[in-house]
Amino acid sequence: MLSLDFKSGWNYAPATEDTKHIQLKEQYDLFIDGRFEKPEKGKYFSTINPSNEEHLAKVALADTADVNKAVKAARAAYTNVWSKMPAAERGKYLFRIARLMQERARELAVIETMDGGKPIRESRDIDIPLAANHFFYYAGWADKLQYAFPNRKPQPIGVAGQIIPWNFPLLMAAWKIAPALATGNTVVLKPAETTPLTALKLAEIIQESELPHGVVNIITGAGATGAALVNHPDINKIAFTGSTDVGKLIQKSIAGTPKKLTLELGGKAANIIFEDAPIDQAVEGIINGIFFNQGHVCCAGSRLFIQEGVADIVIRKLKDRMETLIVGNPLDKNTDIGAINSKNQLETINKYLKIGKDEGAELFQSSCDIPKKGFFCRPTLFLNASQSHRIVQEEIFGPVLAVQTFRTVEEVIEKANNTPYGLSAGVWTDKGSKIFNLTTKMRAGVVWANTFNKFDPASPFGGYKESGFGREGGLHGLSAYLNME
Ligand code: NAI
Ligand code: MG
């Protein structure tokens, strides 16, 4: 139902996703060797719903002894079963997991939204379908590796330790597990401490798929659990997605060991709007680029560069569009911007809002109401930002956009490349030649043209500079889990 409220514009009646079908256990144990096992020390932590701060479930806290058990199970499964299995058989398990994920898509989407705070529209339309698609995509590669890498004799690496963040919990689990299994490796995965539930649901799906025990082990905990996994001597590869600081720590701690490493870290993507761009589409792309998933996106378009001639109109349209964004209950299908993932992350964002103001940038926030309980942030612009501002250089990981203008192509390329990061970028223009010119000069792993935040399992993703190294997705994503001659 739609009604016009003359004070605040269009209002929608709530359309809240039902949660009655969701079954959460009171307590989740560790998924080791095909079974749910209690942690050795019997410790648990709570995961909450960040949109109302309510407790959802207790989750096991794994320590070194549990990590040892999980790695041992992964090693035994690798040596005795998985590396010996015909590749076509391995593929069948991946197809089965993908189909089971599709069957339980609604449940997974609702749990993702409850545990992490992202709008149900996103978890339903983006996270869960893409996660299943990753399994489908890599299932197809399992028995075709010799065609993917002709004359290279691709061999699995062994046991992979995989550590993932809280912004796309199930999708990141799929990005990590699917290519590792397709290439014949076994894994120990550690989800983030604020969003462990969909990974544990995936553990249930894996049980249901009858995947041989120990091929996938899922252990929960915080940084110390992750560090124990990284430092385990029987791990052959670490795949990490998360903050640049922790990425650097991991790189240091495995230096001098034969462990392989891929890191997917932070970003500070430039979204570049030229005068000849389709302005309305570009505005929608800017909104999608930074406010999508509350800005909890490593490739978020957090820096906006507008060519001077269209700066006024783009900013006006952007402000108007921001006023129509609905911030609130993530389970409501009308919600555009859900909850910030944790109290900590909200504090980080608020810290940057203060820094931006102190640095002299001009703050604009939409005037919408935000819920009293839970962690929320209004969509925010910083106008007249400059290259030296911390809000331009540092990753904020929230719905905060720093806006600058430019005159020439050379100027914008130089400014866009001038950050420690290089994960992604966007360019909006009518001219194909401008797009090609820019994409060759931008130091960014992905450059979107006349669109933003588009993902596909067939397309590789990864960074330059402090955004990390290694690629996930596509053919490139296979090679990260293979030894080759
Ligand atoms: P984080 O890097 O601490 O967390 C990511 C994962 O690493 C979690 O599973 C965590 O338990 C684990 N971890 C933490 N310390 C570890 C250690 N010493 N060894 C091994 N694993 C460890 O990220 P955090 O603190 O949640 O967020 C901080 C900032 O990081 C955010 O504000 C954002 O800027 C950035 N970030 C970037 C992400 C990306 O996708 N590139 C995702 C999450 C955060
Ligand atoms: Mg949670």
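Visitor: Why does the chain's radius of gyration agree with a compact globule?

Guide: A compact globule of 485 residues would come out near 23 Å, and the chain has 22 Å, so the two agree. The radius is taken over C-alpha atoms, and the globule rule is 2.2 Å times the number of residues to the power 0.38. Bear in mind that this is a predicted model, where local features need pLDDT of at least 70, side-chain atom pairs count only at pLDDT 80 or more, and totals for chains, interfaces and linings use all residues. Residues are numbered from 1 along each chain as its sequence is written, chains are lettered from A and ligands numbered from 1 in the order in which they are written, and side-chain values use heavy atoms, leaving out hydrogens and water.

Visitor: What makes Phe 31 count as buried?

Guide: Buried means under 20% relative accessible area, exposed over 50%, and partly exposed in between (1.4 Å probe, protein chains only). Phe 31 has 2%, so it's buried. Phe 36 has 23%, so that one is partly exposed. Across the chain, buried residues make up 58% of the 485.

Visitor: Why is the pair of Phe 274 and Phe 406 called edge-to-face?

Guide: Rings of Phe, Tyr and Trp (its six-membered ring) pair if their centres lie within 6.5 Å; planes under 30 degrees apart are stacked, over 60 edge-to-face, the rest tilted. Here the centres are 5.3 Å apart and the planes at 85 degrees, so edge-to-face it is. Both Phe 274 and Phe 406 are buried, too.

Visitor: And how many aromatic pairs does the structure hold?

Guide: There are 13. In the one between Phe 31 and Phe 36, the planes sit at 45 degrees and the centres 5.2 Å apart, so that pair is tilted.
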